[in-house]
Amino acid sequence: MTWYADLSPYTYLRGQRPEAPAVNVGWLAHGHSFPTGDVPAELVPRLAGLIEHAPTQVTRGLHDCEFCPPVTGDPRRAARWGLDDSMPRGNAEIRAVGVDGTRYAAPTLIRHYVAVHRYAPPPAFIDAVLRPSPHEWHHALAQDLCFVCGDVLERREQYRSGDETLLTAACPRCGVDYERRKPQRVG
Ligand SMILES: [Zn+2]
Ligand SMILES: [Zn+2]
């Protein structure tokens, strides 16, 4: 994966959201040391929630963790490394917004880096991630609100896919692009 220093200006895939500049966090790569240490216990679960409910910039490529041994095709070896349920692989990003409005852009692998490799992200990023979400996930989904920051999403496209309606929407504040599937309404 491409390496970026923590808190450097985010430029990866930037052309897609020039109106929402962000700074990098957690773009680790082999050959570049990174800070380690204890982090608040809520950080990993909160990162997991953002990865599950608000991934953005989903790319076609997969990034493998460069600090883990290759595990492809050998589940027993993966299990021995404790990797069975947290594949050290990412293909998207998450966003967080600090109290000062700073947007942070992190690869989804950041959860693995923190949980397994004891990566300690910048304190301002940790604060941003741990800021209580203004809405529960289900409420945010129903009201078209951003799960990360609570802002009203801008509708972009809506089209049918089989018997579902696929909505794409973006958050103007933190720059997250959402894809949501809703069952087709009858009548
Ligand atoms: Zn790893
Ligand atoms: Zn947002």
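I call a residue buried if 20 or more other C-beta atoms lie within 10 Å of its own, exposed if 12 or fewer, and partly exposed in between, with C-beta atoms placed from the backbone. With that cut-off in hand, I started on Arg-118, which has 13 other C-beta atoms within 10 Å and is therefore partly exposed.

Ground rules for these notes: this is a predicted model, where local features need pLDDT of at least 70, side-chain atom pairs count only at pLDDT 80 or more, and totals for chains, interfaces and linings use all residues. Residues are numbered from 1 along each chain as its sequence is written, and chains are lettered from A and ligands numbered from 1 in the order in which they are written.

**Entry: positive phi**

I stayed with Arg-118 and checked its backbone. Its phi is near 60°, a positive value in a residue other than glycine. Arg-118 sits in the loop between helix 3 and helix 4; helices (H or I, at least four residues) and strands (E, at least two) are DSSP runs, numbered from the N terminus. Arg-118 comes after helix 3.

I then looked up Asp-144, another non-glycine residue with positive phi, here near 55°. I found Asp-144 in the loop between helix 5 (137-143) and strand 6. It counts as partly exposed because it has 14 C-beta neighbours inside 10 Å.

**Entry: the open sheet**

In what order do the 3 strands of the open sheet stand? I read 1-5-4, with mixed pairing; two strands pair if DSSP finds at least two bridges between them. Strand 1 (23-24) and strand 4 (93-97) are the edges, each with a single partner strand, so one side of each has no neighbour in the sheet. Strand 4 and strand 5 (residues 103-107) run antiparallel and are joined by 5 bridges. I picked out one pair: Arg-95 has Ala-105 in strand 5 as its bridge partner.

**Entry: helix 4**

Helix 4 (residues 123-130) lies across strand 4 and strand 5, at about 90° to strand 4. For such angles, axes are lines fitted to C-alpha atoms, for helices over the stretch in contact, and angles run from 0 to 180 degrees between N-to-C directions.

Which residues of helix 4 are buried? I noted Phe-125, Ile-126, Ala-128 and Val-129. Down the axis of helix 4, the buried residues fall within an arc of 160°, so they line one face of the helix; the arc is that of the directions from the helix axis to the C-beta atoms. They pack against helix 1, strand 4 and strand 5, where contact means C-beta atoms, placed from the backbone, within 7 Å.

**Entry: helix 1 on helix 4**

I followed helix 4 to its helical partner. Helix 1 (residues 43-53) and helix 4 pack at about 65°, their axes 9 Å apart. On the helix 1 side the contact is made by Leu-43, Arg-46 and Leu-47, and on the helix 4 side by Ile-126, Val-129 and Leu-130. By class I get 5 nonpolar, no polar and 1 charged residues; Ala, Val, Leu, Ile, Met, Phe, Trp, Tyr, Cys and Pro count as nonpolar, Asp, Glu, Lys and Arg as charged, and the others, Gly among them, as polar.

Next I clicked on Val-44, which lies in helix 1. With 18 C-beta neighbours inside 10 Å, Val-44 counts as partly exposed. Val-44 and Val-129 are 85 residues apart in sequence, yet 9.7 Å apart in space, C-alpha to C-alpha. Leaving out residues up to four places away in sequence, Val-44 touches Arg-111, Val-114 and Ala-115.

**Entry: helix 3**

Arg-111 took me to helix 3 (residues 110-117), whose buried residues are Ile-110, Arg-111, His-112 and Tyr-113. These buried residues pack against helix 1 and strand 5.

**Entry: the hairpin**

How many of the 8 residues of strand 6 (residues 154-161) are buried? The count is 0, and strand 6 is hardly covered. Strand 6 runs antiparallel to strand 7 (residues 164-170), with 7 bridges joining them. I checked two pairs: Glu-154 stands opposite Ala-170, and Tyr-159 opposite Leu-166. The hairpin has 2 residues between the strands, and Gly-162 takes a positive phi near 65° there.

Note on methods. Contact = placed C-beta atoms within 7 Å.
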